[in-house]
Amino acid sequence: MEYEKQGGSGLYTRDYFDSLLVETRYIDSREPDTSFDIYGKKFTSPIMVSMPTDLGDVHKTDVIETARGAEKAGLLFWVDTEEKEKLSEISDTGAAAIKIIRPYADNRIVFSQIEQAQKCGALAVGIDLSPGLGKEDASKSMEEIREFVSAASVPFIVKGILSQKDAYKCAVAGVGGIVMSAHESLLRYTVSPFMALPDVLKAVDARIPVFVDCEIRSGLDVFKALASGAKAVFMKRASAESPGGAKDFFEKISNMNKELKSFMAQTGCHNLSHVDKTVLWQI
C-alpha cells in the first residue's frame, strides 16, 4: 500500500534496478563501442529519444528542435505526432524517425497514417496499444495487427506490451519490434516494463527486438537494461523537464552514454553484443 501511495510500480522498478550488481572484468578491456544497428541504420547509442506531442502551442517548435538534436547526436527518434506537416518537417531534419500511431477504432485512419509515415520516410511505424483509450480509440485483435504488418512496407512495431502472452501474439503476427511501456495513468497498478522483460524475451525468443521505456535515470540503468536483454532504451523529451531546452537534454544523454561506456569498459564489454546477463548479480 505504501508503494501505491508513493508512486506504485515506478518504485518497484527502482528497487529492482538497484538490486542488480555489476561484475567487473578488467583483463583485455578496451575502449567500448556503444553504437547499434536497427532496421538497416546505425546509431551512436542505444539511448533513444521519445517525443510527446501534447506540449501545447508554447512548445510547438519543440518536436522539430528535438528531431534536429537527435539527428546531430546520431540517435533514434520516436514521435507520435498526427500532423502530416510536422511529420514532413521531422523528415526534413534528416532524423531517423519511428512514427507511433494511436489505436483508432476506425482502422482506415490507422492504414492512412501508416501510408503517410512511409511517404515521409519513417524508418518504421507502429501502434500504441497502452490503455487510456479515448472515444476514438479501440483495442486491437491479433488479426488486425497482422493486417497492419502486411500494410506496412517498413517494420511495424507494437508499443505497450507488458506480458509474455501479448509478446508471443505479436511475434506470431509478424511484428518488427516491441516497445515495453505502461500508460502513465496505470503505473501505480501494473507490472513495470523492466520487471516483465525476462518473460517477454522468452516469448519472442530473439526473433524481434525489444525496446524498454521505464525508469532510466543513468548510464548504469542503461547498462543494466541492456544486460537484461533490451535492444535499446528511451529517454523522454519534455520541455517542462528540461529547462535548458534541447541542448541540456542532449548533453544529459551524452553524459549518460559516457557513463554507459565506463561500465562497459569495467565489465570487459567491447560493444553492445557483449553486454549480457552474465555481468549482472542480483541481491
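Tyr 12 sits in helix H2; helices here are DSSP runs of H or I with at least four residues, strands are DSSP runs of E with at least two, and both are numbered from the N terminus. This is a predicted model, in which local features need pLDDT of at least 70 and side-chain atom pairs count only at pLDDT 80 or more, while totals for chains, interfaces and linings use all residues. Residues are numbered from 1 along each chain as its sequence is written, and side-chain values use heavy atoms, leaving out hydrogens and water.

With a relative accessibility of 42%, Tyr 12 counts as partly exposed. That class lies between buried (under 20% relative accessible area) and exposed (over 50%), using a 1.4 Å probe and protein chains only. Together with Val 191 and Met 195, Tyr 12 forms a nonpolar surface patch with about 280 Å² of accessible area. Patch members have over 30% relative accessible area and no salt bridge; nonpolar side chains (Val, Leu, Ile, Met, Phe, Trp, Tyr) are joined within 5 Å, and like charges within 9 Å. The areas come from the Shrake-Rupley method with a 1.4 Å probe, and for residues only the protein chains shown count as cover.

## Salt bridges, buried and exposed

Let's turn to the charged pairs. The model has 9 salt bridges, each defined as a side-chain nitrogen of Lys or Arg within 4 Å of a carboxyl oxygen of Asp or Glu. One of them joins the side chains of Arg 14 and Asp 221, at 2.8 Å from N to O. Because Arg 14 belongs to helix H2 (residues 9-18) and Asp 221 to helix H9 (residues 219-227), this pair ties together parts that are 207 residues apart in sequence. Both Asp 221 and Arg 14 are buried.

Lys 119 and Glu 115 meet at 3.3 Å, N to O; they are 4 residues apart in helix H5 (residues 107-119), which means about one helical turn separates them. Lys 119 is exposed at 68% relative accessible area, whereas Glu 115, at 42%, is partly exposed. Arg 108 and Asp 106 also form a salt bridge, at 3.0 Å from N to O. Here Arg 108 is exposed, with 65% relative accessibility, and Asp 106 is partly exposed, with 27%.

## A negative patch

Glu 83, Glu 85, Glu 89 and Asp 92 make up a negative surface patch. For charges, Asp and Glu count as negative and Lys and Arg as positive, with His and the chain ends not counted. Within this group, Glu 85 lies in helix H4 (residues 84-92) and is exposed, its relative accessible area being 56%.

Strand E7 (residues 124-128) is largely enclosed by the rest of the structure, because 4 of its 5 residues are buried. It runs parallel to strand E6 (residues 97-101), and 4 bridges join the two; strands pair if DSSP finds at least two bridges between them.

Gly 69 belongs to helix H3 (residues 62-73). Its relative accessibility is 16%, so Gly 69 counts as buried. Val 49 is 20 residues away from Gly 69 along the chain, and their C-alpha atoms are separated by 9.7 Å.

Conventions
Charge placed at Lys NZ, Arg CZ, Asp CG, Glu CD.
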